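Here is a short note to read beside the structure. Take the points in order, and keep the 3D view open.

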Protein chains: 2
Amino acid sequence: MTTVGIRGTFFDFVDDPWKHVGNEQAAARFHQDGLMVVADGVIEAFGPYEKIAAAHSSVEVTHIKDRIIVPGFIDGHIHLPQTRVLGAYGEQLLPWLQKWVYPEELKYRDRNYAREGAKRFLDALLASGTTTCQAFTSSSPVSTEELFEEAARRNMRVIAGLTGIDRNAPADFIDTPENFYRDSKRLIAQYHNKGRNLYAITPRFAFGASPELLKACQRLKHEHPDCWVNTHISENPAECSGVLVEHPDCQDYLGVYEKFGLVGPKFSGGHGVYLSNNEFRRMSKTGAAVVFCPCSNLFLGSGLFRLGRATDPEHRVRMSFGTDVGGGNRFSMISVLDDAYKVGMCNNTLLDGSIDPARKDLAEAERNKLSPYRGFWSITLGGAEGLYIDDKLGNFEPGKEADFVALDPNGGQAAQAWHQSLIADGAGPRTMDEAASMLFAVMMVGDDRCVDETWVMGKRLYKKN
Amino acid sequence: MTTVGIRGTFFDFVDDPWKHVGNEQAAARFHQDGLMVVADGVIEAFGPYEKIAAAHSSVEVTHIKDRIIVPGFIDGHIHLPQTRVLGAYGEQLLPWLQKWVYPEELKYRDRNYAREGAKRFLDALLASGTTTCQAFTSSSPVSTEELFEEAARRNMRVIAGLTGIDRNAPADFIDTPENFYRDSKRLIAQYHNKGRNLYAITPRFAFGASPELLKACQRLKHEHPDCWVNTHISENPAECSGVLVEHPDCQDYLGVYEKFGLVGPKFSGGHGVYLSNNEFRRMSKTGAAVVFCPCSNLFLGSGLFRLGRATDPEHRVRMSFGTDVGGGNRFSMISVLDDAYKVGMCNNTLLDGSIDPARKDLAEAERNKLSPYRGFWSITLGGAEGLYIDDKLGNFEPGKEADFVALDPNGGQAAQAWHQSLIADGAGPRTMDEAASMLFAVMMVGDDRCVDETWVMGKRLYKKN
């Protein structure tokens, strides 16, 4: 057994800040001088340095100074084979897929290319502080295999699965429901719950899925109920209309997945920009999750996700946040928080009644405000809850896996250090509130440059140059 | 006379890409191997290396390799005394001003603080590749003096002016129209056209200006017709309503400035999110300019600037782009292009008819697409045209001031180099189109990390670590 200690300033969460409006501190935990003891990659003890050190006097301690240590970030929605085409110019969702995405993803039939892609993908995630993702692969099994293999070599927890599509894509890109079923079965047997790998049955999106493909997914979920289900939902208005043309017997986008028994715990629908209140209600009731991908929603112009509506206590929906690389133009969950904050604020100018008094809703507007508590919860413990892996990771509870990030609050653009000095006068944070304010500046003034070190299972896998 | 040569790959503009829909290359200029000869800070010759070198064989040449050299960026709207509060949490425009901005700006009455602020401000600009800005200062003359002094020491071209406000701000922050007139007169005499400094008569915004203050501005403009006029316009719906309450005899926001004779050449109105078609038409006719500040418009949730409408050839409005730090959360004009692209794309989902067929306007949608040509033109030559300084700078025409930036196309997030290698296979750009594609990736995948060197008047003032 290898036991190590990490000493430093720690910030993590014990509850959902949206449940503590006006008192979000109640959801967080802060140790200015803390110690985490990690045995074989798993957290054994965590708390104030003095107290924990006394009980673990023999452990060798690494002291990470001048940093704020937070749980590893969780990216709930990302596409491995779009690593290289992130930020492609000029199109909304459907033409963008045809022009940029499918041609690049086709290259992942080649094992060497897929292997290089998987390496670069995980390198980019670790450099951004992301230690866990739920990933789409491509319609060829090779890329799924290579992602799981590479993640296993790094001991990273990854949720992924063969990405099925049998409609509305080039002929050499699509595959049959039969092949999808067969290949998925094999991949589940080979990878699911092996090491830290977890398998998601992954129909790409309803617009690219025949009823037969969705039936294959339903059968897979029935035969492997502990597997995840990962897909897209209600991203773009033209896509939403297209889905109802493809599935004319369904009343809305969610209805398609409901029809095939996929909506429930461990179900993730990426985007959800155009989900109706009624769909939010049904997702809430069944424990399904939506993945908010603001960089992508802005980059593709899809629209403004109704964050304050998804978090309405009347029909609270589980949620993770995602980059959606390559629809999202940045690998960093810190950039996701930047754009998420902006989406929330733009929503609020529509909700304050200044444009249309009938739309005024100040409670929803309050929920749209992405405070640093809400933001960092969403990409750590909240993301883990959205993905149903909060029993394994997401905060520093003993028993959980020791994935974490050491943030340099001054690491971003030239102006950042002076800004931070307004809060803590050149020193590190002394209180939870100071830490939260500095984390807000990491979100909005900083970026992935603030990620100084990324640790996976108690082992440092990334250090900034 | 000091004469130096700069050799490298150059990209600049000779015309407005929005005038060349479908053939934007016609607006640009590309030399894969170019040479710029600079005499005493001014461009003496520019063109292909072979040709220019032959005619200037004695000049000492600095070869900037593996970079794309573009004109220095122009920030048309930024607030010096908000350098430290950029990215402040949680409010729309009017409460944000009261809570964060006025208290910080008050500190700039102290000369030492103002001097430190001016240094940090210009350091942050240069690190972002910005060589010229049009800046708001504060309501105390000290900050205007310190900005001009510091800019002069660096020989940077800056437009700035005492920022007048006599309403709707804390009592110790506002000043009288009489003092504003007197102090502005003195500052104009002291700084306007001294070295590279240019003076802008600067009423902060109509919501903070009494008719008497605007009358003082009118008198200043009448007495100093070659001075600039810089202000805010139509940023936020609540502000727009507030302005019409303060100025009940005006039909719209622009009408307030028109009433006092301020609208015409050298007039800049920051934001313009809620400008009507009729206001665009009047601005177009008089040669007034709008400054598009997307980071700020998203950060404060102000709304989506109608880029495709401002560029309608029927009433084309002059335009520069701005960070609006601290309403904008980034000093980098590259980040401004990132958010500008996103604003354009979000506009387009409203214009493609998929939500409301009656709003379909594909020509406007086309103009909303911020191609790399449009983007980099807007922060160089286009910005200079918007500010009426294109006779002095903005591209590499001989006779203009030699302000430029050497961009590292691979300088951004970890994933960027592999992305760029899709375009030019690991090498630099060989054609104008390859250069433009790489610049698009600088906008959307990169950030200020791509700024490797910043030169002002032929002298290198910034080099990335």
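1. Start with the salt bridges: there are 5 between domain 1 of chain A and domain 2 of chain A. Bear in mind that this is a predicted model. One salt bridge to look up in chain A joins Glu401(A) to Arg196(A). Their closest N and O atoms are 2.5 Å apart.

2. Polar contacts come next. Between domain 1 of chain A and domain 2 of chain A, 12 residue pairs are in polar contact, with both residues at pLDDT 80 or more. Which element gives the largest share of the domain 1 side that touches domain 2 in chain A? It is α17(A), with 8 residues.

3. Now place the domains. Domain 1 of chain A comes in two stretches, 3-72 and 394-463. Domain 2 of chain A covers 73-386. The contact draws 39 residues from domain 1 of chain A and 37 residues from domain 2 of chain A. The C-alpha centres of these two domains lie 28 Å apart. About 3,200 Å² is buried between them, and carbon and sulfur atoms give 69% of that area.

4. An unreviewed UniProt entry lists "domain: Amidohydrolase-related" for residues 68-460 of chain A. Over residues 68-460, chain A is 44% helix and 16% strand. The end C-alpha atoms of that stretch are 15 Å apart.

Terms used: Residues are numbered from 1 along each chain as its sequence is written. Chains are lettered from A and ligands numbered from 1 in the order in which they are written. This is a predicted model: local features need pLDDT of at least 70, side-chain atom pairs count only at pLDDT 80 or more; totals for chains, interfaces and linings use all residues. Side-chain values use heavy atoms; hydrogens and water are left out. UniProt positions are given in the numbering used here, feature names are shortened, and annotations may be inferred rather than shown by experiment. Helices (H or I, at least four residues) and strands (E, at least two) are DSSP runs, numbered from the N terminus. Domain bounds come from an automatic or database domain assignment. Contact means heavy atoms within 4.5 Å. Buried area is the accessible area (1.4 Å probe) that two parts lose on being put together, summed over both. A salt bridge is a side-chain nitrogen of Lys or Arg within 4 Å of a carboxyl oxygen of Asp or Glu. A polar contact is a pair of N or O atoms within 3.5 Å; within protein, one must be able to donate a hydrogen and the other to accept it, and residues adjacent in sequence count only if both atoms are side-chain atoms.
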